[in-house]
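Biologist: Could you walk me through this structure slowly, as if I were new to reading models?

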Amino acid sequence: MQDVIDNLSRLIREAAKQKRPLCIRGGGTKDFYGGPVHSYKLNIGDYRGIVTYEPTELVITARAGTPLAEIEAALLEKGQMLAFEPPHFGEGSTLGGCVAAGLSGPRRAYAGALRDFVLGVRILDGKGDDLKFGGQVMKNVAGYDVSRLMAGALGTLGVLLEVSLKVLPLPVSETTLHLKCAEAEAIERMNQWAAQPLPITATAYRDGELGVRLSGARVAVDAAAKKIGGAPAAPAEAERFWSGVREQTDTFFSGGGRLWRLSVKSTTPPLALPGQQLIEWGGALRWLKSSSDVKTIRDAAARAGGHATLFRGGDKTLGVFHPLPPALMKLHRNLKQAFDPSGILNPGRLYPDL
Amino acid sequence: MTAVAAQIAVDLARQREVVAALEAFLPRTSILFDHEDVKPYECDGLTAYRQVPMVVALPQTEEQVCRILKTCHMLKVPVVARGAGTGLSGGALPLGNGVLLSLAKFKGILEIDGRARTARVQPGVRNLAISEAVAPLGLYYAPDPSSQSACSIGGNVAENSGGVHCLKYGLTVHNILRLRVATVEGDIVEIGDDALDAAGYDLLALLTGSEGMLAVILEVTVRLLPKPEYAQVVMAAFDDIEKAGQSVANVIASGIIPSGFEMMDQPATRAVEDYARAGYRTDVAAVLLCEIDGTHEEVADGIRRVQDMMDASGSVQTEVSRDEAQRLRFWAGRKAAFAAAGAISPDYYCMDGTIPRKRLGEVLRRIALLESKYGLRCANVFHAGDGNLHPIILYDANQPGELARTEAFGAEILEICLEVGGTITGEHGVGVEKINSMCVQFKPAELETFHRVKRAFDEHGLLNPGKAVPTLHRCAEYGRMHVHRGQDKFPDLPRY
């Protein structure tokens, strides 16, 4: 496998010399996400396979081109999982793409985000140097946390080669409940529940119905289900519902048009924006299908203590990610320069300047 | 730790210049520079290193912090930020030519949002004060370093502090949402936001654990968690360390994530028992504490399973905490481990490596061999759940050569941690203490990357310079004295 790295490194060095941009690509399932990169494709799909997996250490290390499905299957066999429940958005989804995109699924508000589970990375930086940061242990404060910096950087700071992730045991039992309620009430309830020691692992609200998933020891799930009320869903139906929310195959996401992702303070009241919404993460994530103008949506997200991303569709030249204040943008540019001085790694995928 | 450098004498002309510049906007009482006034700041929790700062600044407002930074930036004076000064790696060790920026006066809890489960606090607020303030809401702040009654949240962020509940509840980085920081130029930047993520790079993660080298923290927004309904601890005694280690692996493999999982070896339990009377067996090789929290039903179920697994792993005795008082007593012993070491030895030196759990038996055996090699005793406490090992080397600084032997012993322990696939520091930070060991953990190109990250925030290297990341020159010098397993890591570097 070292030959694959040597080859990638050589391609990066040549590109850096010629200042020729590279578009890093694994399975291509997230091509839709982020700004457009029109450049030579640097395929990492060949660098694949699980390097080590130690169930009793709760750590897996795999190469970036490893299909996410392969990793999840290996974990499932040992009764474990990626607790941040990453979306795949297609069959070929790879670990590298998953970490680069930094996206987490329904469990995020309750178990933590992808970045919370990143323990270490091996990358090629913009000079083609093979570097390792972090490690395979859960507590590690040696050096700056470059590993977590890679999560969600969309490949603009380095080409991910290997990633070590903390994994967690699968819950023994799970129940999904559906409750009918108005949007404001759903937001209020989700926040109230989150302040109590309840084993909630996912929440989603759309079309007047709130879905709540409980996971853990049977006794705890049963006790919490009584407290929360609502109608229990059949296991297959529940699985379909959460996978629909995670993979955006739910009917809410059907049809074209712009899909916005608004990450806001969880207690934000219903956002008075035209269009349809699906609420996740205990109120902290609002998916919005809307043709409202960009400024209106971004302002609403900012007022709600967060930010808005043009997740799918629309005119990307208006900017996909929420603009950063100048002082913060300056730090971003400096960091980009530190990792990729020739500016060849996925330029424009995150922000036009990076 | 390396041989303690002699203190740098303060340049009085430079001191007058800096004091005069600060007096333009700070009250006289907020500037200290007389030797007896600055002396209390000469070290943090790592007392083997001491250096009196040229000037201590004690601002009270954000604006004053920014002006101090602007002034120091203009005069090119290095700045070391300090919270409660409880750090164990010398991260807040002052510079003889620098300003020590104390954030001790920033003790305000600015906002508690019970509905959103967040608190916005100033950096000088004590870790435990946050949990105390939100306790009436049934909430708490999860990371609980053993110094939590004294350490400040700003320092916790700077070091990415952990505690005994990390396996289940994470480190500082997992429990904060937002930082308000001042850059080295004195500009204010908001990092993160009130949502669960923020646009752009994850600077929140990068700044957490950056040991005060990238920015000065002005405010921290922490996440609060609901207090678990109930918690109980199983104490298990083992006549064999390996068996104890295997029982930890068995519990984890069974799908249980304990809220706390701690191990102490016999020297540690003996020291603790004498000091704190926690009720540990002292005639066994190791004592394990395994805490399960959750609903009453969950805890009953989990405790029973853990107890069964301990028995099956060959535990010679298990005991479940009867009530809250006993649970706290079990923990009090563990939390007093460092103080107990202080009671049985004139000095002690606490290491902080992390190792893959499965290598524990081997690592402890090798540490025992080193005890005879260096003629020093070592007690071991282990965050068994997350692999964070704290060997406590007992020594007497008044005995000629003991400190140097201790340092060599410590460095060798860290190399063992690296060799088995771990890290030199799990939660205490690198600071000045472990800076040489960084040369062993990282390649020159990786250290260079750290330096470039530093320059991205601090072009002139004025924020806490000389900490956490060694220069390649320093590594070359260290490598010269200390060739790692027969390989020179820096064959291409010129030697001076």
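**Where the two chains meet**

Modeller: The contact between the chains takes 68 residues from chain A and 75 residues from chain B, where two residues are in contact if their C-beta atoms, placed from the backbone, lie within 7 Å. Please keep in mind that this is a predicted model, in which local features need pLDDT of at least 70 and side-chain atom pairs count only at pLDDT 80 or more, while totals for chains, interfaces and linings use all residues. Residues are numbered from 1 along each chain as its sequence is written, and chains are lettered from A and ligands numbered from 1 in the order in which they are written.

Biologist: OK, what domains does chain A have?

Modeller: Chain A is assigned domain 1 (2-169 + 332-339) and domain 2 (172-312), with bounds that come from an automatic or database domain assignment. The C-alpha centres of these two domains of chain A lie 27 Å apart, and their contact takes 12 residues from domain 1 of chain A and 13 residues from domain 2 of chain A.

Biologist: Switching to chain B, where is B:Y275?

Modeller: B:Y275 is in helix α9 (residues 266-276) of chain B. Leaving aside its neighbours within four places in sequence, B:Y275 is in contact with B:A336, B:A339, B:A340 and B:A343.

Biologist: Why does B:Y275 count as partly exposed?

Modeller: B:Y275 counts as partly exposed because it has 17 C-beta neighbours inside 10 Å; a residue is buried if 20 or more other C-beta atoms lie within 10 Å of its own, exposed if 12 or fewer, and partly exposed in between, with C-beta atoms placed from the backbone.

Biologist: How do α9(B) and α12 of chain B pack?

Modeller: The axes of α9(B) and helix α12 (residues 337-344) of chain B are 8 Å apart and meet at an angle of about 85°, where axes are lines fitted to C-alpha atoms, for helices over the stretch in contact, and angles run from 0 to 180 degrees between N-to-C directions. That makes α9(B) roughly perpendicular to α12(B), since angles under 35 degrees count as roughly parallel, over 145 as roughly antiparallel, 65 to 115 as roughly perpendicular and the rest as oblique. The residues of this contact divide into 11 nonpolar, no polar and 1 charged.

Biologist: Back to chain A, what is the strand order in the open sheet?

Modeller: The open sheet of 5 strands in chain A runs β3-β4-β8-β6-β7, with antiparallel pairing; two strands pair if DSSP finds at least two bridges between them. β3 (50-54) and β7 of chain A stand at the edges with a single partner strand each, so one side of each is left without a neighbour in the sheet.

Biologist: And A:L154, buried or exposed?

Modeller: A:L154 is buried, with 26 other C-beta atoms within 10 Å, and it has a positive phi of about 55° although it is not a glycine.

Terms used: Helices (H or I, at least four residues) and strands (E, at least two) are DSSP runs, numbered from the N terminus. Ala, Val, Leu, Ile, Met, Phe, Trp, Tyr, Cys and Pro count as nonpolar, Asp, Glu, Lys and Arg as charged, and the others, Gly among them, as polar.
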